[in-house]
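Subject: Structure for you to look at

Hello,

Here is the structure I promised to pass on. Please open it and keep it beside this email as you read.

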Amino acid sequence: MTLQALTLDLDDTLWPVLPTLRRAEAAMRAWLAEHAPATTSQVDPATWRSLRAGVVRDHPGWAHDLSALRQETIRRALLAAGDDPALARPAFEAFFEARQQVELFDDVLPALGRLAARWPIVALSNGNADVQRVPGLGRHFHAAVSARDLGLAKPDPASFAAACARAGAVPGRTLHIGDDAALDVDGALDAGLQAAWVCRPGLPSAERAPRGQPHHVVTTLAELADRLGA
């Protein structure tokens, strides 16, 4: 069946997410050390985790919004240390700016150029990366759909339907590409899309196989571009 569009996961599909998050958290800590030193000295990692758990418990409706969860966690940390809770927003911005400074896998930009020349690509992510703020990435995307914008997250079928709608394509002629067996592969198949599993060696997501059968199993985006004849 001829493809009309591609939808594409971001974290651990286009770049490794854990190093990105570590750098972003370090940037946030450095900002807090300068502007809210009491928080830096008094709120240890165990307390941060406890505060985060409290936010998740108190705001179950925010499960799809990682930005809101993090900003509220920062606010509670500031309050606990006696710092100004209004600093939560700029502290989060320090994190968010660094969150966009990703290190793309080597194959990504050349492969995206090939794929985008053939099909509209819509980013579909549960995370809070912004393809328009990642250097060199935005020009390859027709649109971006995030869990935060939708108010729901993969593997909800409605998230895939929204991405197909943004691409102007029907689900059965849309290929979703991602690393996560459950969220990306099984989620796409259950929503009626085709699915490509990008199973990069060494990533945690490569250790769990999907329930369903993806249409393509590859180790790089370049390999997928080859298979699709892009």
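Predicted model: local features only at pLDDT ≥ 70, side-chain atom pairs only at ≥ 80, totals over all residues.

Start with the helix pair. Two packed helices are described by the angle between their axes and the distance between the axes. Take helix H1 (residues 17–35) and helix H5 (residues 88–99): their axes come within 8 Å. They cross at roughly 150 degrees, and the crossing is right-handed. On the H1 side, the contact includes Val17, Leu21, Met28 and Trp31. On the H5 side, Pro90, Ala94 and Phe95 are among the residues involved. What kinds of residue make up this contact? They divide into twelve nonpolar, one polar and three charged.

Now go to helix H10 (residues 221–228). Its buried residues are Leu221, Leu224, Ala225 and Leu228. An α-helix has 3.6 residues a turn, so residues three or four places apart point the same way.

What do the buried residues of H10 pack against? Their partners are helix H6 (108–116) and the strands S1 (5–8), S4 (174–178), S5 (194–198) and S6 (216–218). Just after H10 comes Gly229, with a positive phi of about 75 degrees.

Last, find Ala68 in helix H4 (residues 66–81). Is Ala68 buried or exposed? Its relative accessible area is 16%, under the 20% cut-off, so Ala68 counts as buried. Ala68 and Gln4 are 64 residues apart in sequence. In space, they lie 34 Å apart, C-alpha to C-alpha.

Best wishes

How values were computed: Residues numbered from 1 in each chain as written. Heavy atoms only, no water. Helix = DSSP H or I, 4+ residues; strand = E, 2+ residues; numbered from the N terminus. Buried < 20%, exposed > 50% of the residue type's maximum accessible area, 1.4 Å probe, protein only. Contact = heavy atoms within 4.5 Å. Axes fitted to C-alpha atoms, helices over the stretch in contact; angles between N-to-C directions. Left-handed = near helix turned anticlockwise from the far one by under 90°. Nonpolar A, V, L, I, M, F, W, Y, C, P; charged D, E, K, R; others polar.
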